[in-house]
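Subject: Structure handover, aromatic contacts

Hello,

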Amino acid sequence: PNDDRRLFDLTDVISESGDNALLHRLDRLWFGYSSEKTVIRFGRQALSWGNGLFYAPMDLVNPFDPASIDTEYKAGDDMLYLQYLQDNGNDVQVAYVARRNLQTGDVEADEATAAIKYHGFAGVSEYDVLVSSHYGDAVYGLGAGRGIGGAVWSADLVVTDTDRDTYVQLVTNLMYSWTWGGKNMSGAIEYFFNGFGQEDGNYDPASLAANPDLLARLARGELFTVGRHYLFANVMIEMTPLWAVTPTVFVNIEDPSALVQIVTSYSVANTMTFLGSINVPVGPDGSEFGGIESGLPDRYFSSGVGVFAQLAWYF
């Protein structure tokens, strides 16, 4: 990540030549105050909102790509953050993220995010109410979650009002844990409706160019899908107390096409963890995961089978 849009420039490329680069970056640098009921922080920090497991329309600041394997660390942004905890356990959070115009380099209000979110409890249920201005667009959100039997259900509804149109996004999911064959297991299923996506399922350059609100969010790293209806499902299988395997599938329901992932994690030592995955896109030419049209005959923008491996050392 670079700091072209951010308020502070905390990234520096020391040297760059050919395929090699040496750089440094500060991704956490903030000053704060906290008491029993109040938190105030200013500077580079991370913020995560919403009830989506993988698709998170209420998470306005640096959301993860749904297909990300390593989600342990989230990139920070320059913001003023406030939180107040009420006596009943409810809390209100306020965030203001200042950003620069990419063309002029100036800090502008239309580039900023100003948001307030209220989180409350209603019996055994929880709810969220979001009101914000995001890059000059009004964004409103409602979220809810509760236990259903032995499962946990949650959902977010987000409405964005732009100069061109009003868009609706919805995510809802269900999580459940159980034991089978002597192994601990947990599963999740999630549905995501992306109102910014292409209604006709055409992803060629000309069709995408007619949807500038979608392209703007893809370029800013807020959305990672070009369709409208998605289904996600996974099952985590604890093979041993130190080793877990998680088959995962992301499906574009309309194409149809899919991304299949087999993720594994293994605790090598008390301070070392291995994380790996095999990623396989499935779908016909012209579909989202099979490869969208490039505008050139018989040429498609697509990704092939991929392998991810990471060894993390904690100290």
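The notes below cover ring pairs, a cluster and charges over rings.

This is a predicted model, in which local features need pLDDT of at least 70 and side-chain atom pairs count only at pLDDT 80 or more, while totals for chains, interfaces and linings use all residues. Residues are numbered from 1 along each chain as its sequence is written, and side-chain values use heavy atoms, with hydrogens and water left out.

A search of the whole structure gives 12 aromatic pairs. Rings of Phe, Tyr and Trp (its six-membered ring) pair if their centres lie within 6.5 Å; planes under 30 degrees apart are stacked, over 60 edge-to-face, and the rest tilted. Phe54 and Phe232 form a tilted pair, because their ring planes are at 35 degrees, with the centres 3.9 Å apart. Phe54 lies in the loop between β4 (38-45) and β5 (77-85), and Phe232 in strand β13 (residues 229-240), 178 residues apart. Strands here are DSSP runs (E, at least two residues), numbered from the N terminus. Phe232 is buried at 0% relative accessibility, whereas Phe54 is partly exposed at 27%. Buried means under 20% relative accessible area, exposed over 50%, and partly exposed in between (1.4 Å probe, protein chains only).

Tyr118 and Tyr127 are also tilted, with centres 6.3 Å apart and planes at 35 degrees. Tyr118 is partly exposed at 26%, and so is Tyr127 at 29%.

One aromatic cluster consists of Phe54, Tyr55, Phe192, Tyr230, Phe232 and Phe250.

Two charges over rings (NZ of Lys or CZ of Arg within 6 Å of the ring centre and within 35 degrees of the ring normal) are Arg41 over Trp30, 5.0 Å from the ring centre, and Arg220 over Tyr135, at 3.8 Å.

Regards

Key: Helix = DSSP H or I, 4+ residues; strand = E, 2+ residues; numbered from the N terminus.
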